[in-house]
Each structure stands twice: as structure tokens, then as C-alpha cells.
Amino acid sequence: MALLKRLPTIASDTLSPLQRVLLIVAASILLPAVIVVGLLFRESSLKQLEAVEQQAQQAADLIVLLADTRAKADITALRVLSVSRYFVAGDLIGGAGRARDTIDLVPGWKAVILSNLVTGEVAFRATENDTTLGDDGSRSVPKTLHEGGFGGVERDGPLCPCLSLQVPVRNLPDFVLTAIVDPFLYQNLLMERLPDGAVAAIVDQDGDFIARSLDYDERVGTPATEFVRGAVAEGGRGIYEGTTYEGFTNYTAYTVSETTGWSAHVAINNALIDRPRERANMAIIIGLLTAILIGAALSFYVVRDIAARRIEDRRLMEFQKAEAVNQFTATVVHDFRNVLSAVQSGLNMIIRSTKEPETEKYAGMIGDVLERGARLTNRLLSFVGDGGTEIEDIEINSFLDEIEYLLQQAAGQGVEVRIEAPTESARVKANRDQLELALVNLVVNARDAMSGKGLIDVSTAIDKKQVVISVADTGPGIPPEMRSKVFTRFFTTKPD
């Protein structure tokens, strides 16, 4: 801050007007340049971040696509088996033989089971090595299947870990064929498409691992983390932040298949996302701070330079404004005094020529009004400093008695005016009109400060060769920050 205060001082004192203009222009050009550079760096960092996220998202999309393709191929093979002539003819032995042949032809199939979907009874169970007719109790019906016959992964049981695929059998109502598939096929698929340095997994619709790039044997068929299961429940595709079972925090791109309900999850190295994001944020922060400093320095310099150049102009304008007001007021007052003089002359002629008491009475009343008008013109002339003021001896006690009614009227009904005259007689040399006007103004201001309610105390004290008249009120007083301004010309705290 000290540098900002000193820089404009040095510049204003040592630079020529042309150099000042060049300095302002250079700073004005530098300010948007800093902002543009910061925005460009931020944009570059965000593009790098977007590229990393997009690469991971594309990898998740591809893995899901390949897994769907493989699963749909298995479903297709299972449907072809379900329309075999053996099943059409109700030949379960022949159907079991055809199922065993299919196991030999389709990679990854471990068994084919024909069961009653309603009762759960098994008609036959065919594996690569043998075929069992009837329910041997070795395998229960698979767990809940996804729409389309795509099941989830199971870890425990004969031939497991395994996946279940299921289709209905034509001409055999309530019977379904279930293919038991080795999930290691999807493990190979995952590892072949695994991005360099990434950790990835395929999970079923319940959030259990079908395949995982780390610790496959220990994790297959077990529940994934809460972060993975949350993404599966939400569906769709996107990126979430989570923590692996190994304790690594990461950002993970995921895609949930609408066909199988399975999903692929590709974890991204935190540094690949956090660093570009941090650089983007730092670019904005540094750019803003630099721009603020440059802008503050430039604004401070420009304001100070302009203020220095306009101080004299402002003073001259204020002087010219005050002089114009004075001249205009003085002109009007002089003209008005001429009018009053003419009226006073006519009134004097009437008084001299009339002998009617009533006429003399009305003329006296008119004379009093003319006297008040003359006193008003004297006040105006005193205000504009045009001279014309008369200094006279004023007896304070009688003066205060005369203006008591005027001060009370100026204060209003809700304010009490209490006047304390001096105990001894005192005379002063002053202009009566100016003194009266000063007291009226103080009373009016006190009334406004007290919102029309309170007490105004006008007291006098004799101090050697002076008489001190003090006006105090019960209002809030003048705030300290405004006390230095109260004698500034045209200053006011009242509303416009």
C-alpha cells in the first residue's frame, strides 16, 4: 500500500505532462493484457483437464460397449439354443446334449441349466464334462436378472465366480434356459482396453465387481465401494470423486449400460485433474490480483492527477458562483430598496397631508411593514457582503426581549425557547439585523435537529469587554466528523 501511495507522488512530481499521458496509456493497455493472458492460461488448463476427463470417459464408454457386445452375443447364442428342435419336441435328453455342444462352441460358458421359472425345479444341468437330468440340488435359481435376461455376478457356489444369462424356451411354458458364464472373459476384455496407468472395473447392476484391474481374484463377486454403487444407482454417465479399497482418492469416469445394467468405471490419477484445475484457478487469482493492483495504481494515479489539476478550477468555480450570487442578490436588493424608498416617500406625503386619525393609523401600520422590508434588505446586503450594514449600540436585555416572540415562533409549538438575560445592563456595538438573523438561524437549526420537540436555551454572559450569547439545545449534537465542515459555505446536512 505504501508503494501505491508513493508511486503517484513520484510520477506527478517528476514526469512531464506527455510522460504522464504515456504512463496512463501504457497502464491502460497493460491491464487488459494481463486479464487476457490469465484467461488464455486458464483456458489452456481447462482444455487439458477436459482432455483427461474426455479420454477417461471414452475409455469407460468403450469398455461398456464391448461388454454389452459380448453379453448380447451370449444371449443370442442362448436364444438359438432355446429354439432347438429338441425343445420343440419336448426331448429334454436331446436338448441337454445340444446344450453341452453349445458349451463347447461358446467361449467362457461353464454350464447351461433348464429350469421351471415358477417352481424353481431344474430339468437338466449340462456342463462341459457331464449332463445331469433332474434337480440335483447343486444350484439354485440365479439371482434377480436385469431386463433382457442379463444377470449379475455371483462369487460363491458351484462353477463360480460366474455370471447368469437367461432366456425363455419356446414351446415349454414357464421354462427358461440359464447360461453360467465365466466373468474372467470380461476381465480379459477390461485389461485389453485399460488406459495406461488407470485403475478400472466392470460391475453388475447391484454394484458387485465383474472385473477389476487390481486384485481380481479377491474382488470378483464382492461389493464395490459406496462411491461406485452410488454412481450405478444414479445411472447414465459422468465423473465422480471417490476412494478405492486401497485408500487412493481419485476421480472416476463411469458409464452405465442401458442394455445390461452393467457399468464400467475408469479411475483417473488425481494429479491429472487437480493440477490443471489448480493452474486454472491460480491463473484467475493471479490475473485478478495483478489486474486489481494495476487498476488500483492506475486509478489512484489518475484520480490524484485529475484532482491536482482541478483543485484550482474548483476553487475558481466556487468563487465565481459565490460572486455571481452576491452580485445578483445585491442588484435585486438595491432595486427593492428603491421601490421601498418610493413607497415610503408616498406614505410620508399621505401622513403629512391627512388629518384623519384612521388614515394615520393605517399609514402607521404600512410604515411598520415598510420598516420590516427595509430590515430584510439590510439582512440580504449583510449576507452578500455588500456593505450597507449599520453598526449601532444595542442594549442586550431590551434586544432579547424584543426578539423573544420571534425566536419562539421560529422554534414552533413543540419546542420551548428559554432566554436568560444578563443580570446587569450591557451594551454592544453590532448590526442589529445580523445579530437577530444569526440567532434565528441557530434556533431554526436546533428545531430541525430535535425533530420539532425539545428545549432551546439562549443564555448570555458578560466576559470583560465582551458579551457572549450561547444557544444550546437538547438535540443529538453535531457528529465529530462534520464539525470541521459546518462553517463551509453552502454546506448542509439537510435533504435537498
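Trainee: How does Arg70 count in terms of relative accessibility?

Mentor: Arg70 counts as partly exposed, because its relative accessibility is 22%; buried means under 20% relative accessible area, exposed means over 50%, and partly exposed lies in between, using a 1.4 Å probe and protein chains only. Bear in mind that this is a predicted model, in which local features need pLDDT of at least 70 and side-chain atom pairs count only at pLDDT 80 or more, while totals for chains, interfaces and linings use all residues. Residues are numbered from 1 along each chain as its sequence is written, and side-chain values use heavy atoms, with hydrogens and water left out.

Trainee: And what does Arg70 form with Asp74?

Mentor: Arg70 and Asp74 form a salt bridge, with 3.4 Å between the closest N and O atoms; the term stands for a side-chain nitrogen of Lys or Arg within 4 Å of a carboxyl oxygen of Asp or Glu. Side chains of opposite charge can pair when their charged atoms come close.

Trainee: Where do the two residues, Arg70 and Asp74, lie?

Mentor: Both belong to helix 2 (residues 17-82), where they are four residues apart, about one turn of the helix. Helices here are DSSP runs of H or I with at least four residues, strands are runs of E with at least two, and both are numbered from the N terminus.

Trainee: Is Asp74 buried or exposed?

Mentor: Asp74 counts as buried, because its relative accessibility is 2%.

Trainee: How many salt bridges does the structure hold?

Mentor: There are six salt bridges in the structure. One of them joins the side chains of Asp393 and Lys429, at 3.1 Å from N to O.

Trainee: Which strands do Asp393 and Lys429 lie in?

Mentor: Asp393 is in strand 12 (residues 392-395) and Lys429 is in strand 14 (residues 427-430), so this pair ties together parts that are 36 residues apart in sequence. Asp393 is partly exposed, with a relative accessible area of 40%, whereas Lys429 is exposed at 66%.

Trainee: What about Glu402 and Arg432, how do their side chains meet?

Mentor: Their side chains also meet in a salt bridge, at 3.1 Å from N to O. Glu402 sits in helix 10 (residues 396-411) and Arg432 in helix 11 (residues 432-449), so the pair ties together parts that are 30 residues apart in sequence. Glu402 is exposed, with a relative accessible area of 52%, while Arg432 is buried at 18%.

Trainee: At what angle do helix 10 and helix 11 pack?

Mentor: The angle is about 35°, and the axes of helix 10 and helix 11 are 9 Å apart; axes are lines fitted to C-alpha atoms, for helices over the stretch in contact, and angles run from 0 to 180 degrees between N-to-C directions. Helix 10 passes helix 11 in a right-handed crossing, where right-handed means that the near helix is turned clockwise from the far one by less than a right angle, and left-handed means anticlockwise.

Trainee: Which residues make the contact?

Mentor: From helix 10 they include Phe399, Glu402 and Leu406, and from helix 11 they include Arg432, Leu439 and Arg447, contact meaning heavy atoms within 4.5 Å. By class, the contact of helix 10 with helix 11 has 11 nonpolar, no polar and four charged residues; Ala, Val, Leu, Ile, Met, Phe, Trp, Tyr, Cys and Pro count as nonpolar, Asp, Glu, Lys and Arg as charged, and the others, Gly among them, as polar.

Trainee: Changing topic, what do Cys160 and Cys162 form?

Mentor: Cys160 and Cys162 form a disulfide, with 2.4 Å between their sulfur atoms, the cut-off for such a pair of cysteine sulfur atoms being within 2.5 Å. A search of the whole structure finds one disulfide, and both Cys160 and Cys162 are buried.

Trainee: What kind of peptide bond joins Cys160 and Pro161?

Mentor: That bond is cis, with omega about 10°, and Pro161 is in the loop between strand 4 (150-154) and strand 5 (162-168).

Trainee: And what is phi of Asp174 near?

Mentor: Phi of Asp174 is near 70°, a positive value in a residue other than glycine. Asp174 belongs to the loop between strand 5 and strand 6 (175-181), and is partly exposed, with a relative accessible area of 45%.

Trainee: Last one, how many helices and strands are in the protein chain?

Mentor: The protein chain has 11 helices and 16 strands, and buried residues make up 37% of its 496 residues.
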